[in-house]
Amino acid sequence: MTGTSRPPFAAAAFPLLALGLAAAALPAHSATRMDFSNEYNASSIHAQGDAWFIERVEALTDGDVDITLHTGGALGFRSGDHFYAVADNAVQIADSLSGTLGGIDPIFLLSSLPFVADDVESAHRLYEIARPEYEEVFEDNDQILLYASPWPASGIWSEGPVTSMAALEDLKIRSYDRNGTATLVNAGASPVKLSWADVVPQLATGGIEAVLTSAEAGANGSFWEHLSDFNAIQYAVPLNMVHMNRDAFEELSEADQQAILQAAEETDAHNWEVVKERVAQNYAELEEHDVSIHDPVPAEFHDSLAQAAQPVVDDWRETTGERATRILEAFHQESGQESGQ
């Protein structure tokens, strides 16, 4: 016998091997990756709500959409930066304190109007009435409003009680938007508008003596290291807005788009339920750290603050125009209040 012969199966094996190698060389299906920016820390009510949204998206898309949450301003963006960062697709999704967007459109100052919606139920009604107006502004700037993330009601963190107008006099206090700044000026304080990231450094260096914010935010920032009291003035229930770049949304498959919208709707409902329970949790944590809680504050003090706030509400109505009148009249009608606020 001359030469050599291959086993009869070898000729068939090579094509199969070649097909196997070709299949291995094909790229596996990869998820669409997105970044999500949040200025607050990972334990905040907002970051936890955002993480809940991401989990729902992952489940509803079977992992097709992979969203990474960056808390504590890790991407270098603060709430005031987010609107244009998302519009430019520098980041695909962001969680932004609504009042910091007031320079873009005054509608974003609605939720922080002082003493208009001062509990979660009324704040939710106001949001539902106004949501189409929010959506229109985002839509006009190549973005989608996904959901809201409400804060517990804002109060005053301070060193010692602030339960009278006299205690507010010349107090160097942080405000989070121009509504708060104007109200506090009218009340005799010396407010400083600061982004969240600047609050603790300013407390540590004495740049401010008090902070207008919620018990929630103060707990997240361990304010008890600098301040001893929380005064529950029920100033407002401000909102954060979670918004997404429209191009990033439209690049997704139709099924994944619907999953994003479904997850957003579910997260919206989830966040409004969670915030109802949060004050009790916050107060328990404050008590563990020996923070004195003044809740309620004296009615005379509350009424004087509301009087100081009324010009701010009136100015917002004038600045915002017909939209403001329509929203507030609908809100007061639903709330059984007079519409002449």
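User: What makes the lining of the largest cavity nonpolar, polar or charged, residue by residue class?

Analyst: In this predicted model, the residues of that lining divide into eight nonpolar, three polar and one charged. Tyr, Leu, Trp, Pro and Ala count as nonpolar, and the lining includes Tyr 40, Leu 97, Trp 151, Pro 152 and Ala 217. Arg counts as charged, so Arg 174 of the lining falls in that class.

User: What makes up the lining of the second largest cavity?

Analyst: Among its lining residues are Leu 110, Ser 111, Ala 117, Val 237 and Leu 239. Helix α4 gives the most, with four residues. By class there are eight nonpolar, one polar and no charged. The space amounts to about 50 Å³.

User: What is the volume of the largest pocket, and why is it called a pocket and not a cavity?

Analyst: About 180 Å³ of space lies in the largest pocket. The word pocket applies because the set of points is open, whereas in a cavity the probe cannot get out. Of its 18 lining residues, the closest to the centre are Gly 80, Thr 100, Tyr 176, Lys 193 and Ser 195. The lining has six nonpolar, six polar and six charged residues.

User: Which helices supply at least two residues each to the lining of the second largest pocket?

Analyst: They are α4 and α10 (254–288). This pocket holds about 150 Å³, and nine nonpolar, two polar and four charged residues line it.

User: How do you know that β1 and β2 pair?

Analyst: Pairing needs at least two bridges, and six join β1 (residues 32–38) to β2, so the two strands pair. They run parallel. One of the bridges has Met 34 with Ile 67 as its partner in β2.

User: Why are β2 and β4 called edge strands?

Analyst: The open sheet has the order β2-β1-β3-β10-β4. The strands β2 (65–70) and β4 (143–150) each pair on one side only.

Notes. Residues numbered from 1 in each chain as written. Predicted model: local features only at pLDDT ≥ 70, side-chain atom pairs only at ≥ 80, totals over all residues. Heavy atoms only, no water. 1 Å grid on protein atoms, 1.4 Å probe; cavity = no way out; pocket = protein on both sides within 12 Å on 5 of 7 lines; lining within 4 Å. Points joined across faces, edges and corners; volume = space filled by probe spheres on them.
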